[in-house]
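Trainee: Please take me through this one step by step. I'd like to ask as I go.

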Amino acid sequence: MTDASPADRPTTTCRACGRTVVGFLDLGRQPLSDHFLTGAETAGEYFFHLSVGACQGCTMVQLMAEVPRERMFREDYPYYSSGSSVMQKHFTDTARELLDGEATGPDPFVVEIGCNDGVLLRTVHEAGVRHLGFEPSGKVADVARSKGLRVRGDFFEEGTAREIRASDGPADVIFAANTICHIPYLDSIFGGVDALLGEDGVFVFEDPYLGDILAKTSFDQIYDEHFFLFSARAVQTLAARFGFELVDVRRLPVHGGEVRYTIARAGRRAPSSRVAELIAEEEVTGVATMARLERFAADVRAVREDLVALLTRLKADGKRVVGYGATAKSATVTNFCGIGPELVSWVTDTTPAKQGRLTPGTHIPVRPAGELTADYALLFAWNHADEIMAKEQAFRRAGGKWILYVPRVHVRD
Ligand code: SAM
Ligand code: TMP
């Protein structure tokens, strides 16, 4: 085990407002969720302590230790956004909405933070609209470039944003999906947005929603890359701290439940009624209260008990259990529950960069998609359940059963 560097030491200082964070769930020693290893790499594997807490000032739910960004977003970062046809459609539709609703001036400029393999910007480019993606992870950025997209291979932060403002002028839209919640250094992000965004532009980002995570006990949304679990109230407070305003929210069904936040410079747009409505709903459900978060932590421990009991019983009965989808999320589940190759023989995944390697921390072999020969498949990619079950009907017909652990442990046959 490699020692944690000083940056990964637990802290109780809120990364959104500087006040005190109180922990409510300890998920223990965890690896880098997207670091799929060769056999030779297992000896020096990096681990950190994954615990999550809530700020007693601004209510922001966040990790209590930060993994240095260069460890996660590397040349060989293996997450390719276009791997799901449902997500491809989602981002094509999102791009069209942004083009029709926001990028409407004579020469609009759209910037994306974390453009990955170009799943969203591709539509912007095809519409002939000026664009730039920031993407520090080398290989996924190259895939985007191969689609003709303009990509800067750097982290978006205040310094890089200022350079683009100087060379390209103001942006009409700054968009990010499943990226802002990955970034602890929010001062620099909002400094960059302030520098680059036009006076009437919008900063739009979508990320997993705390309300859905609590309702579904989807604790696997908590891992090194997911530093923040956003709620509307915490994002509203955050935006105001930097001279911005939360002007719209939209619930999204993707990735198990997300919210798209639209942020404008303070006073430039009237907030939609949806903002107040979602915040009122959060008050009723007590989303970021310690009582609700501690109840969630108890639910998480119950899921662990049930899942380990089920897998142990199936093993004793001589059943063959495999995993489906070597997701980053599954690192939290397998490491927290102590699920290794003795309980789940292998995991299938369509991503070539993960195949032939071992899952982080628990070292379960990852195999290419092929015939699913098993009695049970544990669906780690539960957020893509409809897409996956539709294409794996032969598994079900042959008597195979799905194991799900969201919102609770159950078998679907
Ligand atoms: N937007 C895509 C999607 O929703 O599928 C990709 C999401 S992926 C989980 C997060 C991406 O953000 C990675 O490709 C990572 O390299 C990138 N990233 C992380 N920090 C970043 C930063 N400060 N600026 C730009 N990109 C960043
Ligand atoms: P995600 O839940 O973070 O989007 O990751 C999904 C993972 O599951 C990713 O590694 C690709 C994989 N996958 C499959 O193996 N088969 C599929 O049909 C889909 C949609 C995803």
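Mentor: A cavity here is a set of points, on a 1 Å grid over the protein atoms alone, where a 1.4 Å probe fits but cannot get out, and its lining residues have an atom within 4 Å of a point. Numbering runs from 1 along each chain as its sequence is written, with chains lettered from A and ligands numbered from 1 in the order written. The model is predicted, so local features need pLDDT of at least 70 and side-chain atom pairs need 80 or more, while totals for chains, interfaces and linings use all residues; side-chain values use heavy atoms, leaving out hydrogens and water.

Trainee: Which elements give two or more residues to the lining of the second largest cavity?

Mentor: Start with the lining, which is made of Q30, P31, S33, F48, Y223, D224, A331 and T332. Helices (H or I, at least four residues) and strands (E, at least two) are DSSP runs, numbered from the N terminus. Checking that lining against them, the elements giving two or more residues are β1 (21-31) and α11.

Trainee: How much space lies in the largest cavity?

Mentor: The whole structure holds two cavities of 30 Å³ or more, and a volume is the space filled by probe spheres set on the grid points, which are joined across faces, edges and corners. In the largest one, helix α11 (residues 329-337) gives the largest share of the lining, three residues. The second largest cavity comes to about 30 Å³, and the largest cavity to about 50 Å³.

Trainee: How many charged residues are in the lining of the largest cavity?

Mentor: Ala, Val, Leu, Ile, Met, Phe, Trp, Tyr, Cys and Pro count as nonpolar, Asp, Glu, Lys and Arg as charged, and the others, Gly among them, as polar. The lining includes F36, V347, T359 and F380. Sorted by class, there are six nonpolar and six polar residues, and the charged count is none.

Trainee: What share of the accessible area of ligand 1 does the protein cover?

Mentor: Of the 21 residues around it (a heavy atom within 4 Å), S81, E135, S137, F156 and N178 come nearest. For polar contacts (N or O pairs within 3.5 Å), an oxygen of ligand 1 is 2.5 Å from a side-chain N or O of E135, and another pair puts a ligand oxygen 3.3 Å from a polar side-chain atom of T179. Ligand 1 has 600 Å² of accessible area on its own (Shrake-Rupley, 1.4 Å probe), and the protein covers 97%.

Trainee: Which helix gives the largest share of the shell around ligand 2?

Mentor: Among the 18 residues around ligand 2, K329, D349, K354, H384 and K391 come nearest. The shell divides into five nonpolar, eight polar and five charged residues, and the helix with the largest share, three residues, is α12.

Trainee: Which residue in β15 stands opposite Y324?

Mentor: Strand β12 (residues 321-324) pairs with strand β15 (residues 376-379) in the parallel sense over four bridges. Opposite Y324 you'll find L379.

Key: Polar contact = N/O pair within 3.5 Å; in protein donor to acceptor, adjacent residues only side chain to side chain. 1 Å grid on protein atoms, 1.4 Å probe; cavity = no way out; pocket = protein on both sides within 12 Å on 5 of 7 lines; lining within 4 Å. Pairing = 2+ DSSP bridges.
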